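Q: I am new to this structure. Please show me how to read it, one feature at a time.

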Amino acid sequence: MDLVNDEHQAHAVSQLDISTDHDDSTFLFRQSLLPYYGPELPHPCEHLLLDENIDRHIVRLLASYSVDINRGFLPSIDPLPHLPLSSKFACWELLMVDLTRYLHAKTIRSAVLSRLEIVHIEQNDLLDESELQRALLVLAVLSHAFVWGEKPISTYIPSCLAIPWVEIAKRANRPPVLTHSLIALSNWKRFDVEKPIELGNIAMLNCFLSGIDEANFYLVIIELEFHGAKALKHMLRAQYFASKEKVNELVNELKAIHSIQKTIFATLVKTFDEVDPYIFYNRVRHFLAGWKGNPSLPDGLLYEGVSETRQFLHGASAAQSSLIAAFDVFFGVKHDSEHTREFISEMRFYMPPKHRQFLEMLGVDNYNINHFVKKLTSSEQVQQESELLHAYNACIDQLVTFRNRHIQIVTLYILAQIRKNDYVQSDSKKQIDHPVNSNSKHSDERSSARGTGGTVLMPFLKTCRDETIIQRLH
């Protein structure tokens, strides 16, 4: 595939205030690793003396990590639909209004270059958290549209997008790339604010091509995050009761978590009814891709006006879901194989800083639920031991079931689509010579298919599933 000639407009490099002396390909990622000094409220295990105080403390504890007791990692206030149209950021929002039309016309790049100038971010700009998240989303969507919205693929993001995006991302301790939290968690509205955040009452604020299948792909994720939110309270309660060796209470919390897991699973399954595999693969998926581990951009991407060195950043991935990570952390699932270790660890830094810090708090060894269950089931209370073991293993089994269904979705929505595209291309070109070699080539392509985050899909997903299975206790 030919790429856009990126020798264009080198003069913009000198215009950036934030830093031009970085010359390595990871500095835009490393700026998101800056230490974040957040909440210092103690975990219930270390603080509470009376059980009746636990729920009040958990509400405060979660809020200190920007986690809502009812919504989890979704924002506690519905996302801002647009930045103030009287502000200097109106030019971004006005372009977003026409984004889908420019993408259909395949003129998004000329529109960006002709309609946008560099907006410099001042100290007093975007102090409101909802405005900051909206700005990050808008710049991410416009930038990914610029890169992936026309052929050949662009190997640079123009300075009118790159300079403000990097500055805002730096302020937020986030990498400048489209992430799960931006495209899903910060990108919805409710029709009726008195009703829940679920299909039928939610719509996307912004999509790329704006088809119903594209919207439903994200809306299923948003509903899943909403239903899963309630598990976070029960995780903290479970850790607390386990530390007090209150077996009955711990069993009840695990049963509550298992019930929520089943609801999450039922939501995930809606993908099959709400999203067409062909549409997803050919019209939705490529916009989510990043520029690390991506064969289409093997040399990374240039952020014009920011650095002369190409950068490598992962695209949006389900592995960036703090909710899914929370289940792994709570149950002590260790992703330490060669297929998962580095990627899972790196995905933490694509999450909002307070959310990644919440996961660190939840995963402190002293609160490890697996260790608690092992200890408590070694006692002589046979009936309680059996019930606790069953409740714990039911949760692990449900997490495995979730991962198996995710593998099925990837098989249908990605691998099968690669196979269909290969067949159509082969048939149209009448490629009938050496069919064995041709099939072998296509099989290799499917087995090495990469996710939008840049992982080789099947080895990664199956290893995640297998690493979950071994957490069962006997």
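This is a predicted model: local features need pLDDT of at least 70, side-chain atom pairs count only at pLDDT 80 or more; totals for chains, interfaces and linings use all residues.

Q: Where does Arg171 lie?
A: Helices (H or I, at least four residues) and strands (E, at least two) are DSSP runs, numbered from the N terminus. Arg171 lies in helix α8, residues 159-171.

Q: Why does Arg171 count as partly exposed?
A: Buried means under 20% relative accessible area, exposed over 50%, partly exposed in between (1.4 Å probe, protein chains only). Arg171 has 34% relative accessibility, so it counts as partly exposed.

Q: Which residues does Arg171 touch, beyond those up to four places away in sequence?
A: Contact means heavy atoms within 4.5 Å. Arg171 touches Ile121, Glu122, Gln123, Asp125, Leu126, Leu127 and Leu132. For a C-alpha to C-alpha distance, take Gln31: it is 140 residues from Arg171 in sequence and 9.4 Å from it in space.

Q: What span should α8 have?
A: The expected span of a helix is 1.5 Å times one less than its number of residues. The 13 residues of α8 should span 18 Å, and its end C-alpha atoms are 18 Å apart, which agrees.

Q: Is α8 mostly covered or mostly uncovered?
A: Mostly covered: 10 of its 13 residues are buried. Among them are Cys160, Trp165 and Ile168. The buried residues of α8 pack against several elements, including α1 (27-30), α7 (129-148) and β4 (302-303). Just after α8, Asn173 takes a positive phi of about 55 degrees.

Q: Now take His355. Is it buried or exposed?
A: His355 lies in helix α16, residues 353-362. It has 6% relative accessibility, so it counts as buried.

Q: What does the side chain of His355 reach?
A: The backbone oxygen of Ser66, at 3.0 Å. Not counting residues up to four places away in sequence, His355 touches Tyr65, Ser66, Val67, Phe73 and Ser322. His355 and Leu62 are 293 residues apart in sequence, yet 9.7 Å apart in space, C-alpha to C-alpha.

Q: Which residues does Thr271 touch, leaving out those up to four places away in sequence?
A: Val220, Ile409 and Tyr413. Thr271 is found in helix α12, residues 247-274. At 8% relative accessibility, Thr271 counts as buried.

Q: How many helices and strands does the protein chain have?
A: It has 20 helices and four strands. Of its 474 residues, 56% are buried. Among contacts between residues at least 6 apart in sequence, 78% join residues at least 24 apart.

Q: What is the mean pLDDT of the protein chain?
A: pLDDT is the predictor's confidence in each residue, from 0 to 100. The mean is 89, and 88% of residues reach 70 or more. Over residues 1-21, pLDDT stays under 50. Over residues 430-445 the pLDDT is below 50; beyond near neighbours in sequence, that stretch has four contacts in the model.

Definitions and conventions. Residues are numbered from 1 along each chain as its sequence is written. Side-chain values use heavy atoms; hydrogens and water are left out. A polar contact is a pair of N or O atoms within 3.5 Å; within protein, one must be able to donate a hydrogen and the other to accept it, and residues adjacent in sequence count only if both atoms are side-chain atoms.
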